[in-house]
Amino acid sequence: MVDISKLISEMTTEEKIGQLVQYNANLFIDSEAGITGPLTDAGLTPEDIGRIGSVLNFKNAEEVCKIQDMHLAADRNKIPMVFMMDVIHGYRTIFPIPLGLGCSFDTELVKECTRMASDEASAAGIQVTFTPMVDYVRDARWGRVMETCGEEPLLNGLMGAAQVEAFRGEGIEKPGNLATCVKHYAAYGGAEAGRDYNTVELSEHTLREFYLPAYKACIDAGVDMLMPSFNSLNGVPSVANNWLMNDILRDEWGFDGLVISDYNAIGELITHGVAADIKEAAEKAFNCGCHIEMCSSGYVKHLAELVDEGKVSAEKLDEAVYKVLELKARLGLFEDPYHGASPEAEAAHSLTPTNRAVAKKAAMESAVLLKNENILPFKKEVRKVALIGPFADNHEIIGFWSCQGKNEESVSVKEGVAALLPDAEIVVAKGCSNKWNELDASGIAEAVAAAEAADAVILCLGEPQNYSGEGNCRTDIDLPGIQNQLAEEVAKANSNTAAIIFTGRPLVLSKLNACIPAILNMWFPGTEGGSAAAALLFGDANPCGKLSMSFPKSVGQCPIYYNHTNTGRPKPNEDRHYGYNSNYIDCGNLPLFSFGHGLSYSNFVYEDMTLSSDSLTADGSLEVKITVLNDSAVEGKETVQLYMRDMVASNVRPVQQLIAFNKISLAPGERKTITFTIKEEMLRFWNNENKYVSEPGEFRLSTGCADHLIKTQSVILK
Ligand code: BGC
């Protein structure tokens, strides 16, 4: 084992600082990028580059091994580099986007996908992933909603923790496992008006109850690193926010891991207007406890000077270096600087049939059947199928942040349906574009003719994959271009029509909903998207996803979320027993499809809900039993959701909060009773005195989904 303290004692200040600097791989292998290219602006010298301790954004194992070899040959301390990248929803085999995986409500499935991603990525040279991304979200305009698990803090936290556990496996020293980095702390998803990087202003109770729990859940699961967010929160950018970085993260939560800035986030302290220059930015970020600077030059250029001037303590510098070297040691890099990666291992682990099979299963479990008026599943005996729309014959369905996933390796809807129905005649008509500014309607006539002649019509609609993800926000989240017009005309031509949607965010589907009797939301389903869609459409699989984020009726409703508080004047005449916020006159207040919604080909009946007691004490617990019957001839899965409402408290409480869920599988005619255990701590909230408490009184417990509560009973907390 390397003696880290001894190593540090032998390093120069410049060598120490090098460990705290991260740049892109092209700096090391492309001299143009480094010495004569864009990075000359940062004033980096070849000596600076030689001392850099970590790398991001590289291509493959060959590149990683090459950079590591070059570095180790030149470094007198023989300290390996550490290689980091964003493995968000797969590496080469791409799984559904996280917002989709959230709809599976299945942490074991998320672990299975994550294990595969970890295996592929590790063999390709990645040692640390900038995952999980657990930003809580309420505004579908924000492009990065695709990276999260949506509008429910409990779900976000459980999925984040599952990823941490699965990436880390049985120890990060083992090839195949990755160290993890939770991001973006804090409340990046609260960007005003859903515009990326925008200001966030939040009350402490909203922050504490909705935005912070998922980061904390990842810390409790043993995450190795943390990345502060780009945004300012209540006036202070996160990387320089002492309250977030020290009072909460370290003093309250006891986080002791490594902190890395987001890409150029330290440099952006100048643009935010809280630092006059990069030196001041470096001072602020370092003194807030940001150990590694990603892709700006404050540390490499000014940290030594700041230490000399006494503005940064030499002990803190050594502590930061210790943490970096400790991570490298924990990864076993001093023994194996490639962490098991090689071009051969990469080829052997990539895109195997087993990985593809799991990708298909994940895509099927993440899809959400939004609507079905006796259309789906289509019969497999159909003779002629029309596939209509911009996603009918389109491989661009893997989604943003797809690492080394390749569009051309994905299964399109056309390929998926053709493989499932080898004897059917399949006709494809694109009809129109999926881009917002392409309005050419000349393809609609051909699409209508194809629909008229078909036994079953599948409309394949949605938004391009680069309309969501970082920097890709929209003010209009309806189906882009003239896809609604296409849908309307096709539906008139053939009533046996279902639409499938490819998207990275909840879309406004009101116009589509008005003309199409069945809608299946596929999200961006990944490599096996087309085969999963075919299986679901033709009944080889039964949809079971439940929405992780509400679909608004109109973009004007954003932000819209199920766990809101009541106003004094809730709207009484909408189908929700507790009312809703004050009223829009042109739209209504409910979303089109709410969090928790999702249909099945089975018919699930909620029979009994019984409580073991009608009261609960602070140190006791209570059992809630719910019986569910599959009253159909089709085997299916149901996510049984348990919500609570605190009826009277010292400040306003959400009209619903998910406190537990359980996904079960039921054979035709089968009945199962599920037991949830309720404890006092599940009923707590952040009160006006900045304490996390529960208050005695009535709590209503309900099952069902957010817009359709089926059973409700009260319990008194004593
Ligand atoms: C993103 C991070 C990501 C980083 C490195 C940034 O632009 O905000 O989520 O980890 O780039 O790729």
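Modeller: A note on terms before we start: helices (H or I, at least four residues) and strands (E, at least two) are DSSP runs, numbered from the N terminus. The model is predicted, so local features need pLDDT of at least 70 and side-chain atom pairs count only at pLDDT 80 or more, while totals for chains, interfaces and linings use all residues. Residues are numbered from 1 along each chain as its sequence is written, and side-chain values use heavy atoms, with hydrogens and water left out.

Biologist: Where is Ala 193 found?

Modeller: Ala 193 sits in the loop between β5 and α10. Its phi is positive, about 60 degrees, although it is not a glycine.

Biologist: How is Ala 193 classed by accessible area?

Modeller: Ala 193 is partly exposed, with a relative accessible area of 47%. Buried means under 20% relative accessible area, exposed over 50%, and partly exposed in between, with a 1.4 Å probe and protein chains only.

Biologist: And Cys 295, is that buried or exposed?

Modeller: Cys 295 counts as buried, at 12% relative accessibility. Cys 295 also has a positive phi, near 60 degrees, and belongs to the loop between β10 (293–294) and α15 (298–308).

Biologist: Back to the peptide bonds. Which residues does a cis peptide bond join, with omega about -10 degrees?

Modeller: That bond joins Lys 183 and His 184; His 184 is in strand β5 (residues 179–185). Another cis bond joins Tyr 185 and Ala 186, with omega about 10 degrees. Ala 186 is in the loop between β5 and α10 (204–211).

Biologist: Changing topic: how do α9 and α11 pack?

Modeller: Helix α9 (residues 153–168) and helix α11 (residues 213–220) pack at an angle of about 25 degrees, and their axes are 8 Å apart. That makes α9 roughly parallel to α11. Angles under 35 degrees count as roughly parallel, over 145 as roughly antiparallel, 65 to 115 as roughly perpendicular and the rest as oblique. Axes are lines fitted to C-alpha atoms, for helices over the stretch in contact, and angles run from 0 to 180 degrees between N-to-C directions.

Biologist: Which residues of α9 and α11 make the contact?

Modeller: From α9, the contact residues are Pro 153, Asn 156, Gly 157, Gly 160, Ala 161 and Val 164; from α11, they are Pro 213, Ala 214, Ala 217 and Cys 218. Contact means heavy atoms within 4.5 Å.

Biologist: What about α21, which residues are buried there?

Modeller: In helix α21 (residues 483–493), the buried residues are Gln 483, Asn 484, Leu 486, Ala 487, Val 490 and Ala 491. They cover an arc of only 155 degrees around the axis, which puts them on the same side of α21. The arc is that of the directions from the helix axis to the C-beta atoms.

Biologist: What covers the buried residues of α21?

Modeller: The cover includes β12 (384–388), α20 (444–452), β14 (456–462), β15 (497–502) and α22 (510–515).

Biologist: Which residues is Ile 500 in contact with?

Modeller: Ile 500 lies in strand β15 and counts as buried, at 0% relative accessibility. Leaving aside neighbours within four places in sequence, its contacts include Val 413, Leu 459, Leu 520 and Ala 533. Ile 500 and Leu 459 are 41 residues apart in sequence and 6.1 Å apart in space, C-alpha to C-alpha.
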